[in-house]
Amino acid sequence: MSTAAILTEKLTKTYAVGFVKRRQVPALRGLDLRVEPGQIYGLLGPNGAGKSTTIKILLDLVTPSSGRAELFGRSPSLKEARREVGFLPENPAPYEYLTGREFVRLAGQLSGLEGSALDSRVSEVIAQVGMEYAANLGIRRYSKGMIQRISLAQALVTRPRLLVLDEPTSGLDVLGRQLVRDIVREEQKRGTTVLLCSHIIPDVESLCDRVAVLIGGKLVREGSVSALLADRQTMMEATVESVELPRLEALRPKMASMDEAGGRVVLRFEEQHAREVLQAVLAVDGRLTGLQRTRFSLEELFLGALKESGRSVGSDIS
Ligand SMILES: Nc1ncnc2c1ncn2[C@@H]1O[C@H](COP(=O)(O)OP(=O)(O)O)[C@@H](O)[C@H]1O
Ligand SMILES: [Mg+2]
C-alpha cells in the first residue's frame with residue numbers, strides 16, 4: 001500500500017480541565033483514520049466531536065494521550081512533516097497590526113520563500129481568495145469573512161501537499177462558501193490532499209470523496225460519500241392533508257421525520273414502511289396529496305448515526 005497522507009491509529013486524547021479538581025474530558029477515543037494522497041476527505045461531526053483535536057494532533061499543537069499519527073509517513077513532531085501542511089484554523093486570529101498582504105508574506109517567508117518568487121506567490125494567492133481590493137488594509141479593519149479569506153491565502157501560500165481546513169466556511173456568505181469550494185477543487189486538481197473538518201453537511205457532501213463521521217470522539221461511519229449514500233434504503237416523502245399530526249403519532253417510531261406546516265403533514269420514511277403509512281393515513285381519513293421518492297442525503301445518515309450513538313440532536317448541526 002502507498003503511504004497515506006494522513007494516518008491515525010487508536011488515537012486518544014483526554015484533556016484535564018480545572019486547577020484544583022482536575023476533571024478529565026475525553027475528546028478522542030481510539031480514532032483510526034487513513035486519508036490517501038489526492039483525496040478530499042471530510043471529517044464531519046457535531047460540535048465537540050473531536051474534529052479540531054484531531055487536527056491539532058496532526059499539526060503537533062496538541063499531544064495525544066495515546067495512539068499515533070502520521071503525515072505522509074512521518075511524525076507530526078518533525079518540522080519537515082509539518083512544513084508540507086497548509087492550515088486554516090477554526091478561529092483564525094492573524095496579527096491585527098499587519099496588512100493582509102504583510103500577513104500572507106510573512107507566512108511565505110517563514111516557509112522559505114523569498115525574493116520575486118515570494119512576491120508573485122503572495123499576489124497569486126491573494127487574488128485566488130478574492131482579496132486584492134483589501135490586501136493593503138490593516139487586518140484589524142477586516143470583517144470575519146475577510147479574515148477567513150486572508151487566512152486561507154496564508155494556508156495556500158506554500159503550495160502545501162496537504163491542506164487542512166477547520167470549519168473553512170464559517171463566517172462566510174454564500175459567495176465566500178462558493179469560493180472555498182472552488183479553491184478546494186482547484187487544489188485537488190493540483191494533486192493536493194485536503195482534510196476538511198466541518199459540521200456543515202452540504203459542504204462535506206458536495207466536496208468530499210470520502211467522509212468520516214465523528215461523534216463523541218469516536219468514528220461512527222466511514223466511507224466514500226457515494227457508497228455511504230448508496231448503502232441506504234430509498235427514502236420516501238408523503239404529504240397528507242385534512243389530518244392533524246397527533247392522529248398519526250403511532251407511526252413516529254418508524255419515521256425518519258414527521259413535520260406539520262401550513263395545515264399539511266410531511267412524513268419521511270424508508271420505502272419498506274410505505275404500506276403502513278398509507279394504511280395509517282386512510283384509517284384517519286387523511287388526504288394523501290403527495291408521495292415521492294427522495295434522495296437520501298448525508299444529513300439523514302448523520303442524524304441516523306447521531307440517534308444510534310444515543311446523543312440528542314443539538315442545534316449545532318446544520
Ligand atoms: N483545550 C481544551 N481543554 C479542555 N477541553 C477541550 C479542549 N479542547 C477541546 N476540548 C474538549 O474536547 C472535546 C472535543 O473538542 P473539539 O476537538 O474542539 O471538537 P470539534 O472540533 O469537533 O467541535 C469537547 O468536549 C471540548 O470541550
Ligand atoms: Mg472544531
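At what angle do helix H3 and helix H5 pack, and how far apart are their axes? I looked this up before anything else.

**Ground rules.** I am working with a predicted model, where local features need pLDDT of at least 70, side-chain atom pairs count only at pLDDT 80 or more, and totals for chains, interfaces and linings use all residues. Residues are numbered from 1 along each chain as its sequence is written, while chains are lettered from A and ligands numbered from 1 in the order in which they are written.

**H3 and H5.** I find H3 (residues 100-110) and H5 (residues 144-156) packing at about 25°, with axes 8 Å apart. Helices (H or I, at least four residues) and strands (E, at least two) are DSSP runs, numbered from the N terminus. Axes are lines fitted to C-alpha atoms, for helices over the stretch in contact, and angles run from 0 to 180 degrees between N-to-C directions. H3 and H5 are therefore roughly parallel; under 35 degrees counts as roughly parallel, over 145 as roughly antiparallel, 65 to 115 as roughly perpendicular and the rest as oblique. On the H3 side I noted Gly100, Phe103, Val104 and Ala107, which meet Ile150, Ala153 and Gln154 of H5. Contact here requires C-beta atoms, placed from the backbone, within 7 Å. By class, the contact of H3 with H5 has 5 nonpolar, 2 polar and no charged residues. Ala, Val, Leu, Ile, Met, Phe, Trp, Tyr, Cys and Pro count as nonpolar, Asp, Glu, Lys and Arg as charged, and the others, Gly among them, as polar.

**H3 and H4.** Next I turned to H4 (residues 115-128), which packs with H3 at about 125°, axes 10 Å apart. The pair is therefore oblique. H3 brings Gly100, Arg101, Val104, Arg105, Gly108 and Gln109, and H4 brings Leu118, Arg121, Val122, Val125 and Ile126. I sort the contact of H3 with H4 into 5 nonpolar, 3 polar and 3 charged residues.

**Ligand 1.** Which residues surround ligand 1? I list Tyr15, Val17, Val25, Ala27, Gly45, Asn47, Gly48, Ala49, Gly50, Lys51, Ser52 and Thr53, where near means a C-beta atom, placed from the backbone, within 6 Å. Helix H1 gives the most to this shell, with 3 residues. Its classes are 5 nonpolar, 6 polar and 1 charged.

Key. Two residues are in contact if their C-beta atoms, placed from the backbone, lie within 7 Å.
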